[in-house]
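This report covers packing in one protein chain. The sequence and the model are shown below.

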Amino acid sequence: MEHYSVLSRYLAWRFFVWVCVVLLVLAAFVWLIGMIELLRRAGSREEATVAIVLGMAALKLPAMLELLLPFAVLFGSLFAFDRLVRHNELTAAHGAGVSVWRILLPALAVAFALGVGKVAFYSPLAAIAESRFERLEAKYFSNAAPISSISRSGLWLREIHEGNLTIVFADHVDKDRILHDVVFYRFEGLRHFQNRLDARSAALRDGHWLLKGVWDADLRGVSDRRNTMTVPTTLNWDSIESGLTEPATMSVWVLPGYIQALEEAGFPARKHRIRFHALLASVVLTAAMLLIGATVSIRSQWRGGTAAMLSMGIGAGFLLYILADIVAALGLSGRAPVVLAAWTPAVAAVMLGCAALLHLEDG
């Protein structure tokens, strides 16, 4: 038992080191590619200095590494176990009666811990960095401020039309996309308050809001009752929904509350639900990548055909990535349940890894 404990710590450490090495290499490539792309976009933007571009590239990096961690585990396990097999260390362990399952258990524990740490601790930091990146991108590259936001209190909209600011609040939105219990705060310019409109409902039409049951109060507090009223606007539902907070900028701890707020306000939350379940499933997916990579490395030495087997392992990882994209697209379109869309790649990876291990040990 003592000898196995030493072997476990050794295998876990070697695997962890290789995952860190692969992750650092991937980080360097991702940061370099991101910086080059941002420099290209900043060519016609004098206000986007090199320092700002470097900072934006650094802010984009954590979210990318969050996506790349399963692949770092895959490649790290390929390299780590390949070296262990080449030095006959795993052969000696297997010859001493240690099964493949027990050999992989320490690395599997490390992979699972990395997945849990990513979701629980690293993901919130990556979400904050991604949110900051999107604000800088809007400021320096699109000049577009967010026009909509959601909270437990309701929906908030912001619009500048012909130089005048309008802020809209709605308690909720029904399935027909009609706003209820609506308040319009209208300004002359950006700072001088003009009037307030309280409406029972507001429907977004082509180029205007159609308000019903309106109270119009001016700066002096004088109110005027109107049955209907139109307010010009340039907003449309696509721009309103796209302006809501993206799931990538939210951590696993924040998403449940935001999903509830979205649904209470009458907006679809399918994209955010898929993000939430995908974060949870990524823990299982990360561990499954270890099973696939380690099995391929061990089998390639014991059965021959190193290059072909390594190619199959890498190909399996990318096929799982493609599968994740396809199933996520089906989930977003409503053609697949949210849980199925998020968990299918992880479950498929576990089944593939376990089948390969069973074949390796008993086949």
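Predicted model: local features only at pLDDT ≥ 70, side-chain atom pairs only at ≥ 80, totals over all residues.

Helix 6 itself spans residues 255–265, and its buried residues are L255, Y258, I259, A261, L262 and A265. These residues lie on the same side of helix 6, because the arc they cover around the axis is only 160°. An α-helix has 3.6 residues a turn, so residues three or four places apart point the same way.

The largest nonpolar core holds 39 residues, and those touching the most other members are F15, V73, F81, L90, L104, M289 and L290. Helices 1, 2, 3, 4, 7, 8 and 9 each give two or more residues to this core. Helix 2 contributes the most, with 11 residues. A second, separate core has 35 residues, including I150, L155, V173 and L197.

Two residues illustrate the packing.

| Residue | Contacts (heavy atoms within 4.5 Å) |
|---|---|
| F15 | V73, G76, S77, A80, A107, V110, A111, L290 |
| V182 | V168, F169, A170, L197, D198, A199, S201, A202 |

V182 belongs to strand 4, residues 178–188. With a relative accessible area of 1%, V182 counts as buried, since the cut-off is under 20%.

Terms used. Residues numbered from 1 in each chain as written. Heavy atoms only, no water. Helix = DSSP H or I, 4+ residues; strand = E, 2+ residues; numbered from the N terminus. Buried < 20%, exposed > 50% of the residue type's maximum accessible area, 1.4 Å probe, protein only. Core = buried A, V, L, I, M, F, W, Y, C linked by side-chain atoms within 4.5 Å. Arc of directions from axis to C-beta.
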